[in-house]
Structure formats: structure tokens, C-alpha cells
Amino acid sequence: MTHKNDFSRRKFLSAVAATSFAAAVSQSFPTYGKLGNTSGKLAALGGSPIRTNKAIGPKWPYVNEKMVENIVSTTKSGIWSRIQKKGGNVDTFETEFAALIGANHSVGTGSGTQALSTCVEALGIGPGDEVITSPYTDMGTISSILTSRALPVMVDLDPDSYQLDPDEIEKRINKNTKAIMPVHIMGMPANMERIKAIAKKHNLRVIEDSCQAPFSRYQGKAIGTIGDLGCFSFQASKAIACGEGGAVVGNDTALMDQCFTVQNRGASKEGRNETIGPKYRMNEFEAAILLGQLPSAKERFEIRNKNADYINAQLKGFPGLVPQKRYEGTESASYYHYALTYHKEHFDGADRSKFLKAVNAEGIGFGSYIRKGLHREPWIQHILGLDGFKTMYSEARLKEYQEGMNLPNCDRICDETLVSIWGSGTLLGSKNDMDDIVNAIMKVYDNRAQLKSL
Ligand SMILES: *Cc1c(COP(=O)(O)O)cnc(C)c1O
């Protein structure tokens, strides 16, 4: 039961063309509201919704018969831990995943957080050291640094890409800085060209938090293979999922051997007990689920890209919602979320919350994703009060650390501007589903005068 398309795309596009000159001159878009048939009542105010069947895309997480077979055969085999057999599921997964991503090596772990933590520890980063990263991420990013008792230094974002702003990174580098941990947020590549150049200049390591970005490509390379090490998550909501799981990828054999040793509670592949390390091993069941879905994972990635490109094309020139900025050389993205910047001045000044309420009532599940940057969460007070941190870091340094948490662009993204729709499943929908997304946006836009009544 689809609501007929009231909002002629052709009309919209020609309106864009006709008004763009005047708009550029007047710096406002008053004519956008006059797109012909804009009659209609927002569903939030009792009108009929664009879509009544809210879920878009197939059931998630992705399941196929091969995954089920793998679980059954693994269960029956009694080989449940990777140390029971050479060439078992985890070993095979590591070989296949490295090949799929285009890295020389891969090490499986029990989560993305564990993968990141493995990298921090393997690079010898610890008390007294600083790692520069984003405040706009999963807590696992920050946690991986804190677990080694180093300081996660969060810097402000590019307001249009929601990624680390390279200029802000440079400002915060000091003699304690050991690494940069860029987060490819939403699966969109961060500005790796600048980040790599900064790392080279200051002799820093780069750990890519690619947890949301399997298969994303940038300047001819796969995300996760551009820095020293890259990390992936296979948590249930991610594009490749096994419940909880993760992997490190890298090209440097010695460093990747060190990653293996760290995640194997300090024991090397040869069985020598060499270093400090937690036990972060992926188990054979996790790898069984992953092996069943890897052969078709890239197909799903391509569909998400096709669908995102389609929505982008439909919204081209629309000033009210602008898709996440792509840095030069971005070839594709994993779209963990499909995100846009909301410009309320083009919605009669209605706050984002009203737009979200309206578009959700139309049957499209946009949200605001991360509600608060991690610089505004209570863990900071917690670590500043810990005896261990007070022993490792001087009072002056902890004070300075706390004072560096002024990140206005991140705050604005969280509080006012970012809207997104979860991509892993949603962007696997049909073209009609994508049209519903665009039509719901445009219905709210055309009827924006009603937003003040919400
Ligand atoms: C999911 C995620 C993590 C953590 O991965 P887990 O597997 O949940 O531990 C880290 N960083 C980012 C950007 C993520 O999206």
C-alpha cells in the first residue's frame, strides 16, 4: 500500500535548476516550497504516511544456509577453539578476510574493540602516551586506548564529514603523542591523505578504526590497509556480522605477528610466552558464521553503494539535507549509516527533532545516531579520579587533558545537525524503498510549515 508519488522528482530537479541562480544571489531558497503539488498533511499530524511497512531491506543480520551448515558441522566436529586444529575456521577466515580486504595478513579477535586494543598494545603504547582520535565514535575506540592506560586525546571534527579534522590533529600533537586513530565513521573514508602526511611528519603510527568500513576504498586502496594497522568489527549490527567478533589487518609481517601474540595472551605462534596480552581469540563458531557470509559480502557492499548513490543523486542540489562529505579520492563506502547534515534554515527553522519526528511518522527510520560526543560522557571523571591515573599522570597534565575537551563541531553534529539511517540492512532495500526515503524527506520539506505544530 504505497502512497502515490505526489512529489515529482522531475519537478523538483527543474525547480532546483530554475532557482539556483536566484538562490545564489539571494542566499536563500524561498522558491523551494513552491513545487506544485505540495498539498498533504504530515503523517505526524494525522495525514497518511508515505510508508506503512516501516522496515526497509531484508531481515538483519544476514543469514544463509551455508552459515547454518558451518555452525552445525563445527558443533559436531568438537573443534571449537582455534588451538585444537591447524587450518580450522579461524585460520581459514584470517586467510580469506585478508585476501578480500587486500592486506597481507589478518588476525581474528573476539570484537572490534579487542582488535583495536590488540593494536595499541602491539605498538607498545601505554602509560604516559597519547593517541589522537575522534570523540564521535563507538566507546570501543576510546576503550582500546584506556585499556593500555594511555590517554585518548579527542579532537574536533570536520562539520561536514563528521571525521577527524586534520588541522585539529596537528594542534594537539606533543612529545607524548604516539599514534593517530582515525575513525572512518559511517564507513566513509576519513581524510587519510592528510592524516598519513601528518603521521609521517611527526613520526606517529596510524591505527585505522575501520570497524564500520569493510571494503571502503580511497585513492586506490582499501580502508584498513592505509595506516600501519586496520581494525574491523563483526558485531551483530555491522555489515559483516557474527554476533561479536573482530579482526586486525596489516601488511607488516613482524607487526602482525606481534598482534597475534598480544591477542593470544602473550604467547607467540610458536608457543613462546613473550609479552603482556589479554586473551582476545576469535573462536571457531564465530569464524564459522563469518566464513559462510564472506563470499557474498562484497555483493551486499555494492548494493549499498548503488542505493546510496541513487539517494545522493535524487537529493543533488537540495540544500536542506546534504549527504556526508566525501574526501577527494573516496571511491566507495560501507555505509554503516547513511548520514546527512540537516540545515534547519531550509526547514523554516524547525529543529532537527521536529524533522525526525515528522520523517519517522512517514515511515522512514531516520535518527540522530550518536547522541553525545565521548568527551561528554562520565568515563573522563572516572579515570581522572583513579589512583592509577593519578600515579601515571601529573595533576597538571590531567587538568590540561580535561581542559582540552572543548569540541564545538562535534557538539553541533550531535545536538543539531546530523541525521542518519542505519545502512547495513536498510541500504539493501529495493529502488522503491529508496524512493520512499527520498519522498518522505521531500514530503516533510514541502510541508515544512507544519513542523511548528509538532
Ligand atoms: C562497532 C565499533 C567499534 C567496536 O567494535 P565492537 O565489535 O562492538 O567491539 C569500534 N569503533 C567503531 C567505529 C565501531 O563502529
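Trainee: Why is the pair R217 and E331 called a salt bridge?

Mentor: The term requires a side-chain nitrogen of Lys or Arg within 4 Å of a carboxyl oxygen of Asp or Glu. In R217 and E331 the closest N and O atoms are 3.6 Å apart, so the pair meets the rule. The count between domain 1 and domain 2 is two salt bridges. This is a predicted model, in which local features need pLDDT of at least 70 and side-chain atom pairs count only at pLDDT 80 or more, while totals for chains, interfaces and linings use all residues. Residues are numbered from 1 along each chain as its sequence is written, and side-chain values use heavy atoms, without hydrogens and water.

Trainee: What makes domain 1 and domain 2 separate domains?

Mentor: The bounds come from an automatic or database domain assignment. Domain 1 comprises 9–59 + 296–370 + 413–453, and domain 2 comprises 65–294.

Trainee: How many residues of each domain are in contact?

Mentor: Domain 1 gives 32 residues and domain 2 gives 33 residues, contact meaning heavy atoms within 4.5 Å.

Trainee: What is the area buried between domain 1 and domain 2?

Mentor: Buried area is the accessible area (1.4 Å probe) that two parts lose on being put together, summed over both. For domain 1 and domain 2 the value is about 2,800 Å², and carbon and sulfur atoms give 55% of that area. On the side of domain 1, Q324, Y327 and Y336 lose the most area to domain 2, together 25% of what that side buries.
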